[in-house]
Every structure is written in C-alpha cells, then in structure tokens.
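Please have the sequence and the model at hand.

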Amino acid sequence: MDQPTDQPGQASQALAPFQMGWWGTDLGRYRACDSTYCFYAYGSLPPLPPLDGSLSWLGALPDELDQQMASYRNPPEERGALGRMREDADRLGLVLPAAFLRLMSSSELQDRIPSCTACYFELGQRIAPCPGSPQGYALRFLNDQQDVLAWYLYLAPDGGSCVLVSPYALDGEDGDDEPPSAQAIAAQTRVCARSFEEFIYRFWLENTLWFKLSEGSQPPTLTSDERRYIAHYEGQGAS
C-alpha cells in the first residue's frame, strides 16, 4: 500500500487526533490503483450528496452480485453483539450514531453493501480506548478479509463521532505481544469520513462502481449518482 501523506482537516482536529485520508481501490480508468488498496488525499475525493441518516439510498444488490458476495459474508450470528455495544456506550457516556445502529442491527442492510476486496461486517468485542487519543474510543465494525485494514467508529465524549481506518488493531484484539507505538498508529491511522453514513455511502458507491467498471464486457449502466462520482475524476483528468 502507498504511504499516507494527507494533511489534517477540520473534522480530524475536532473529533480525533488523526489526519484525514481515504484507503480505496481503483475505479477502472477513472482512478488508478496498483495495489489492493491505495491512499487518496481526502480533498481529492468526489463530494457526496446530502445524507439524512435514514440509509434510504441503500437498495438491494443485483441478484448476480448478491450471489457473488454471499460466499464472503459471515453468518449474522457472527457479526457481533450490538446490544453489548449499546451497554458499553451508555456506561461510557458515548453516543452511537443513529445510522450506525440502523445498519449494524440489520444483516439485510449490511448485505446490500458489496466489497471488491471481500470486506465483512463484524463488531469488535468492546468499545476500547483509542490509542493516541486522550479521550476518544474506537469500535471496530468492518474488516478486510486479509486483515490489511480495519474500520472503526471513533466516539468522542462530547457526542461526536467519525470513522477511522487503520492497519492496526485499535481495539487491542490482534493479540500482539508488542503492540505498535502511539507514533506508529498516528502515522498510519486516518479519519476517512466525518460521519458513519458518509463512510458507508462512499464505501458502498465505490465498491458498486468497481464491479460495474471492472467486470463484464459491456458498457456499464450507471445511476446518476455514479455518473456524477466518476465525472469528478474525468474533470481532473482520468489516469
């Protein structure tokens, strides 16, 4: 993977002591990537439409893609104990975002989100103090199949939240005898979205686009939102 070099943004300064950035895949000819994941400066990403927390945009997958994803999904009973996370949040005085609760309480909604790198939804065992953050907490919710990256809901005592992505186990669940230093974590962990729904929307849209742009021989049929997303890269000059 490339080394992240993005500068801190307003959300990262307010919500977490990490810089902002996005680890993602290629988008066909519109955005290049020569590895499983590549790092993209947050400011280079296409803007997102207004989101209201309802996840109403999250439609069912086409049957063929749904069947393709079925082999990568873990059973609903293995996706973690949301009730225990609610209890942990109440005990710690933290607020779980409504969109997070809506998605993580529904395996049906989770199954509408494809992943070209076989990522899967699974909650961590606990809401853990976030390394490198004096007061913040991290809750893992999405995992790369090969443990290259994991995504965490970052929760602040003031009720704020954002999404972090890191190659490290921020919840301390990897069993390493020598955990990484705070400096190493800070160097590799990024705020990848200012809100949970923003992350889910971008992750869903980019993965949906990947399958449309990278598989099949026919020109893909794109939605208006998908066309706007890749038009952002056409305007920058597709690589």
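Strands β6 and β7 (residues 161-166) run antiparallel and are joined by six bridges; two strands pair if DSSP finds at least two bridges between them. Helices (H or I, at least four residues) and strands (E, at least two) are DSSP runs, numbered from the N terminus. The model is predicted, so local features need pLDDT of at least 70 and side-chain atom pairs count only at pLDDT 80 or more, while totals for chains, interfaces and linings use all residues. Residues are numbered from 1 along each chain as its sequence is written, and side-chain values use heavy atoms, with hydrogens and water left out.

The hairpin of β5 and β6 has six residues between the strands, and Asp147 takes a positive phi near 60°.

How many residues of β6 are buried? Six of its six residues are, where buried means under 20% relative accessible area, exposed over 50% and partly exposed in between (1.4 Å probe, protein chains only). Ala150, Tyr152 and Tyr154 point one way from this strand, and Trp151, Leu153 and Leu155 point the other way.

Trp151 is also among the residues with the most contacts inside the largest nonpolar core, together with Phe100, Leu103, Phe141, Leu164 and Phe199; this core has 68 residues. A nonpolar core is a set of buried Ala, Val, Leu, Ile, Met, Phe, Trp, Tyr and Cys residues joined through side-chain atoms within 4.5 Å. Helix α7 gives the most to this core, with eight residues. Apart from it lies another core of six residues, including Leu61, Leu65, Cys116 and Phe211.

The structure holds 15 aromatic pairs. Rings of Phe, Tyr and Trp (its six-membered ring) pair if their centres lie within 6.5 Å; planes under 30 degrees apart count as stacked, over 60 as edge-to-face and the rest as tilted. The rings of Phe100 and Phe196 are edge-to-face, because their centres are 5.2 Å apart and their planes at 80°. Phe100 lies in helix α4 (residues 98-104) and Phe196 in helix α7, so this pair ties together parts that are 96 residues apart in sequence. Both Phe100 and Phe196 are buried. Phe141 and Phe199 are also edge-to-face, because their ring centres are 5.8 Å apart and their planes at 80°. Ring pairs link Trp22, Tyr37, Phe100, Phe141, Trp151, Phe196, Phe199 and Phe203 into a cluster.

| Pocket | Volume | Lining by class |
|---|---|---|
| Largest pocket | about 580 Å³ | ten nonpolar, eight polar, six charged residues |
| Second largest pocket | about 220 Å³ | eight nonpolar, two polar, five charged residues |

A pocket is an open set of points on a 1 Å grid over the protein atoms alone, where a 1.4 Å probe fits, with protein on both sides within 12 Å along at least five of seven lines; lining residues have an atom within 4 Å of a point. A volume is the space filled by probe spheres set on the points. Ala, Val, Leu, Ile, Met, Phe, Trp, Tyr, Cys and Pro count as nonpolar, Asp, Glu, Lys and Arg as charged, and the others, Gly among them, as polar.

In the largest pocket, α7 supplies the largest share of the lining, six residues.
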